[in-house]
There are 2 protein chains.
Amino acid sequence: MVTIKDVAKRASVSPSTVSRVIAGSTRISLQTRLRVQQAMEELNYVPNAIARSLARSHTRTIGFTVARQADDAFANPFFSEVMRGMSTVAQARDYNILLSINPTPEEERDKCLRLIKERRIDGLIVSTSRVKDQLIATLISEQIPFVLIGRSADTPVLSVNNDNVQAARSATIHLFEQGYERVLFLGGDRNLVVTQDRLTGYKQACFEWQRAYDEAFMIEADFSIESGFAALEAARERGIPFDAVLAADDLLALGALQYAKSVHCQVPEQLGVVGFNDSPLLSYVNPPLTSVKILAYELGLEAMELLLDTLEQPAKARTKKEILIPSELVVRASSLRKGMK
Amino acid sequence: MVTIKDVAKRASVSPSTVSRVIAGSTRISLQTRLRVQQAMEELNYVPNAIARSLARSHTRTIGFTVARQADDAFANPFFSEVMRGMSTVAQARDYNILLSINPTPEEERDKCLRLIKERRIDGLIVSTSRVKDQLIATLISEQIPFVLIGRSADTPVLSVNNDNVQAARSATIHLFEQGYERVLFLGGDRNLVVTQDRLTGYKQACFEWQRAYDEAFMIEADFSIESGFAALEAARERGIPFDAVLAADDLLALGALQYAKSVHCQVPEQLGVVGFNDSPLLSYVNPPLTSVKILAYELGLEAMELLLDTLEQPAKARTKKEILIPSELVVRASSLRKGMK
DNA sequence: CTGTTAGCGCATTCAT
DNA sequence: ATGAATGCGCTAACAG
């Protein structure tokens with residue numbers, strides 16, 4: 001392995017001089033700079049990032065953590081897109097990404113803590129938040145630099161989120177405008193902040209349109225087609241009337257479609273359905289599904305940008321910035337009763 | 001930050017002793033071991049992985065690289081699943097994963113090389129291979145430990161692959177069995193080894209069933225619905241007759257479905273369609289799409305296992321092991337002319 | 001502008 | 001079984 005010493009020798013300077021040209025110090029004569037650079041090239045020298053990290057006590061690598069529980073998620077392209085976004089700016093700003101996929105929130109918490117304490121990462125991007133999020137609480141109390149993709153329900157933190165409330169509200173109103181009377185909210189895990197926010201938006205729309213809201217209108221399900229199906233079946237059995245469904249995820253929405261088929265109920269004529277995430281194949285299901293498109297790539301991008309800014313200028317970190325990324329309702333047949341738009 | 005010295009002091013031993021109990025050395029009296037362990041806990045000590053890496057000259061982190069070009073790919077859950085698989089064994093064996101997403105093969109090559117030379121990673125998992133793959137060639141000549149997910153067209157390397165040839169063969173035969181006469185191969189980038197292997201399987205089936213094969217039967221497209229659509233339209237315009245399509249990807253297959261719809265051609269009656277990857281929503285498109293299910297999770301898992309084994313026992317690395325993961329044809333309506341199975 | 005010195009936190013000889 | 005000494009490769013005062 002070729003080290004800084006080898007370069008120094010070849011350029012007939014001291015190691016510190018080499019270190020300086022690597023760091024791009026200005027107080028170096030053009031002469032020696034050139035000589036050193038040449039030596040580096042001739043020797044094919046690449047600085048050892050580990051040694052560097054040890055000396056400077058930071059690593060230029062960012063952790064990205066996913067609690068695999070919250071992931072229908074990891075099965076849909078959402079995370080891939082987030083990663084692409086993060087990667088783009090990481091690349092541009094010369095950072096690396098360390099991936100941490102964990103089966104449970106507990107393991108996630110321990111793993112992240114360890115990564116930090118081991119000094120493997122300088123900061124963290126967290127991808128899902130629950131109501132009393134252990135990870136976030138720990139991160140705060142340990143003063144670990146991080147940004148959340150999503151929203152923190154408890155303490156304000158640096159975060160970039162999509163406008164779930166607004167999006168759910170628009171989607172619901174869209175259904176009302178299409179003439180649906182009783183919209184059900186078909187949500188995922190109640191403890192996820194996303195679910196809560198979407199529910200809030202839904203309620204808000206109900207309120208604005210002066211539609212009755214009842215606890216029974218919120219039905220909870222896992223993020224799966226089967227679960228969505230089952231939830232609606234259960235709702236019907238309990239005698240809850242409805243002619244539309246706002247699903248907090250496309251899989252759930254698909255479950256609603258399945259349900260409709262099973263009870264010979266026409267979509268969109270007798271049942272309107274809207275999903276979340278705008279999964280790629282959605283235009284090809286039958287009927288094509290209306291869905292809220294979320295800009296996952298942008299979420300990842302902004303999150304990384306925010307974190308790196310914070311890391312590089314700790315002073316600015318005082319204000320707990322919260323970035324909001326707008327989403328878009330992609331209207332397709334499954335919610336178009338009036339054939340309009 | 002609490003270091004090994006702090007622990008040493010508190011346990012009234014030397015730093016090297018602490019280092020030994022961390023490493024699990026046997027030549028340590030139970031007494032002192034206990035004392036040290038207690039001190040570590042009391043101080044909440046976690047070894048600095050960077051310092052450790054520098055001293056031992058390896059990092060216990062593995063790079064995972066994706067050339068974003070080959071990725072329809074990154075848009076479908078394939079990569080997510082691969083990562084989950086990798087992550088599972090990494091976690092179990094106490095390794096970390098460094099993510100590298102690159103826009104082009106060239107940048108990918110440079111980035112990976114750099115990660116290695118910077119000593120950030122001990123080894124690499126590569127996710128797509130092309131015909132004269134620059135990355136792989138470089139990796140070999142630089143003697144960098146890596147395993148390929150896929151197959152190397154040029155030199156034998158450590159790899160874990162799914163049985164593309166066999167899978168394509170079975171899928172094609174399935175179409176023949178269903179009574180289709182002229183099946184077209186709708187492939188992605190010709191330079192991808194996957195494409196080639198699937199084409200080989202397709203040809204093999206043609207040969208076995210004594211069907212004519214012509215270069216014109218292989219049509220190339222990007223990994224997108226539109227491109228698949230366009231490719232079939234072009235084929236028809238060129239007067240190539242066909243009544244079935246084996247698509248090397250689900251998106252392409254969907255393009256075929258679109259095409260069929262546009263020319264009022266019934267699927268599966270007048271056109272049989274089979275895809276690859278078994279994307280989650282496929283059962284819900286119309287008609288439900290037959291597709292080859294690939295065990296991406298297993299691919300990632302085996303790849304990581306293989307790489308770590310190699311890293312930890314360099315001796316075994318001599319034989320260029322190639323693991324094959326079987327896939328499964330999931331038959332749905334889009335290819336079921338005879339209503340059988 | 002450049003060289004010298006002293007760590008960064010840990011692992012690993014070599015003694016004892 | 002344990003301690004002292006040295007080095008991993010680089011950065012960062014401190015001199016000059």
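Predicted model: local features only at pLDDT ≥ 70, side-chain atom pairs only at ≥ 80, totals over all residues.
The side chain of D309(B) takes part in a salt bridge with the side chain of R93(B), with an N to O distance of 3.0 Å. R93(B) belongs to the loop between α5 and β2 of chain B, whereas D309(B) belongs to helix α12, residues 296-312 of that chain, so the pair ties together parts that lie 216 residues apart in sequence.

Chain B can be superposed on chain A with an RMSD of 0.1 Å, by a turn of 180° with a shift of 0.0 Å along the axis. The two copies are thus related as by a two-fold rotation axis. The interface fits this description from another side: 100% of the interface residues of chain B are interface residues in chain A as well, so the copies meet through the same surface.

The protein also meets DNA strand D, which is surrounded by 24 residues, and the closest of these are I4(A), Y45(A) and R52(A) from chain A together with T17(B) and R20(B) from chain B. Of the atoms of DNA strand D that come within 4 Å of the protein, sugar and phosphate account for 72%. The elements that give two or more residues to the surface near DNA strand D are α2 (15-23) and α4 (49-56) of chain A, along with α2 (15-23) and α4 (49-56) of chain B. Among these elements, α4(A) gives the most, with four residues. Sorted by class, the surface near DNA strand D is made up of ten nonpolar, nine polar and five charged residues.

Side chains of opposite charge can pair when their charged atoms come close. A search of the whole structure finds 32 salt bridges over all chains. One of them joins the side chains of R114(A) and D94(B), at 3.0 Å from N to O. This pair crosses between chains, running from R114(A) in helix α6 (residues 105-117) of chain A to D94(B) in the loop between α5 (78-92) and β2 (96-102) of chain B. Both partners fall into the partly exposed class, R114(A) with a relative accessibility of 34% and D94(B) with a relative accessibility of 30%.

Another salt bridge, within chain B, is formed by the side chains of R211(B) and E181(B), with an N to O distance of 3.7 Å. The pair links distant parts of the chain, 30 residues apart, with R211(B) in the loop between α9 (193-208) and β7 (218-220) and E181(B) in the loop between α8 (164-177) and β6 (183-187). R211(B) has a relative accessible area of 22% and is partly exposed. In chain A, salt bridges that share partners join R93(A), E305(A), D309(A) and E312(A) into one network.

In chain A, the peptide bond between V267(A) and P268(A) is cis, with omega about 10°, and P268(A) lies in the loop between α11 (250-262) and β9 (272-276). A cis peptide bond also leads from N286(A) to P287(A), where omega is near -5°, and P287(A) is placed in the loop between β9 and β10 (290-293) of chain A. Positive phi values in residues other than glycine include that of R119(A), near 70°, and that of H264(B), near 55°. R119(A) is found in the loop between α6 and β3 (123-126) of chain A and is partly exposed, with a relative accessible area of 35%. H264(B), by contrast, is exposed, with a relative accessible area of 69%, and is found in the loop between α11 (250-262) and β9 (272-276) of chain B.

Terms used
Residues numbered from 1 in each chain as written. Chains lettered and ligands numbered in written order. Heavy atoms only, no water. Least-squares fit on C-alpha atoms with pLDDT ≥ 70 in both. Contact = heavy atoms within 4.5 Å. Near = heavy atom within 4 Å. Nonpolar A, V, L, I, M, F, W, Y, C, P; charged D, E, K, R; others polar. Salt bridge = Lys/Arg side-chain N within 4 Å of Asp/Glu carboxyl O. Buried < 20%, exposed > 50% of the residue type's maximum accessible area, 1.4 Å probe, protein only.
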